[in-house]
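Let's take a look at how a protein wraps around the small molecules it holds. Have the viewer open as you read.

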Amino acid sequence: MIAALDLDRVPAHVACVMDGNGRWAQSRGLPRTEGHRAGEEALFDVVEGALDIGIDWLTVYAFSTENWRRPADEVRFLMEFNEDMLLRRRDELHQRGVRIRFVGRRDERVPKRLLGLMDDAICLTERNRRMTLSIAFNYGGRAEIVDAVRSVVSSGISPDRITEHTIARRLYDPEMPEPDLMIRTSGEYRTSNFLLWGMAYSELYFTETAWPDFRRCDLYEAIRVYQERDRRFGQLASAPNGSAVTTASVVTSNGDG
Ligand code: IPE
Ligand code: IPE
Ligand code: MG
């Protein structure tokens, strides 16, 4: 699997929509929540696989701003499960040299205990540089753009000085590179409000595999397919290395706000 990859052209940033947990469980006669539980093994296998091939940045969609519409029991389970997972796994991620970050709205619906654990994990791992694991929690791409626009307006910048860079540097994590590759599992062919701004030129990969069955070999297959793509960014020839284009490098920064 790994042998099929060009390790000099690994995507710098891979983003995953970890979808299909509920259906995976239901197809086995289990409650949906067992699918979320089973998704943990997939996530940590993918993290290990990403570390092995030198991916710099991995962003995973854990809870969307729309997921609050689910039954209260499932929402409560997801909050508690994420708290529990952070507590159990943060030290292991830290030992692996992973820097943990979060993107999303820190609103009052997210339990305080979970917000505290998020802060602890960020703090514990902030000096790590081997890979950044960015967890999208209470994340919505439209909400992120709205929040950036609010910040632009409150900065008082004059409209004619607003550029793409003005918005990009006000996203939840301005250091996040644009995803090179977005993977969505479970046979759904949509973005569901994930990283809308940054995904303008991401390569998209969809698989029928449900998230709880997804493993590093599936990640490597997605990257193999990615490496066959021709990323043109609107031009006629491929970008030189086909990877690692950041917002800052594609838009002209002219000292605007
Ligand atoms: C993804 O799996 C996890 C979250 C959205 C939290 P789902 O829970 O969406 O599973 P399906 O898509 O209903 O099978
Ligand atoms: C997207 O999956 C959100 C996460 C994986 C956290 P959903 O299951 O919520 O998306 P839709 O509802 O199928 O579009
Ligand atoms: Mg789903």
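For sorting residues by class, Ala, Val, Leu, Ile, Met, Phe, Trp, Tyr, Cys and Pro count as nonpolar, Asp, Glu, Lys and Arg as charged, and the others, Gly among them, as polar. By that sorting, the shell around ligand 2 has 5 nonpolar, 2 polar and 4 charged residues.

A quick word on the ground rules: this is a predicted model, where local features need pLDDT of at least 70, side-chain atom pairs count only at pLDDT 80 or more, and totals for chains, interfaces and linings use all residues. Residues are numbered from 1 along each chain as its sequence is written, chains are lettered from A and ligands numbered from 1 in the order in which they are written, and side-chain values use heavy atoms, with hydrogens and water left out.

**Around ligand 2**

Which residues are around ligand 2? They are Val17, Met18, Asp19, Tyr61, Ala62, Phe63, Asn67, Arg70, Arg184, Arg190 and Ser192 (a residue is near a molecule if one of its heavy atoms lies within 4 Å of it). Strand E2, residues 57–64, gives the most to this shell, with 3 residues (strands, E, at least two residues, and helices, H or I, at least four, are DSSP runs numbered from the N terminus).

**Around ligand 1**

Ligand 1 is surrounded by 13 residues, and the closest are Asp19, Gly22, Arg23, Arg32 and Arg70. Sorted by class, that shell has 3 nonpolar, 5 polar and 5 charged residues. Helix H1 (21–26), helix H2 (32–53) and helix H3 (72–95) each supply at least two residues of the shell, and H1 has the largest share, 3 residues.

**Polar contacts**

Here are some polar contacts, meaning pairs of N or O atoms within 3.5 Å.

| Residue | Protein atom | Ligand | Distance |
|---|---|---|---|
| Asn67 | polar side-chain atom | ligand 2 | 2.9 Å |
| Arg70 | polar side-chain atom | ligand 2 | 3.2 Å |
| Arg184 | side-chain N or O atom | ligand 2 | 3.3 Å |
| Gly20 | backbone N or O atom | ligand 1 | 3.4 Å |
| Arg32 | polar side-chain atom | ligand 1 | 2.9 Å |
| Arg70 | polar side-chain atom | ligand 1 | 2.7 Å |

How much of ligand 1 does the protein cover? On its own, ligand 1 has 370 Å² of accessible area, and the protein covers 87% of that (accessible areas come from the Shrake-Rupley method with a 1.4 Å probe). Ligand 2, taken alone, exposes 390 Å², and the protein buries 78% of that.

Conventions: Polar contact = N/O pair within 3.5 Å; in protein donor to acceptor, adjacent residues only side chain to side chain.
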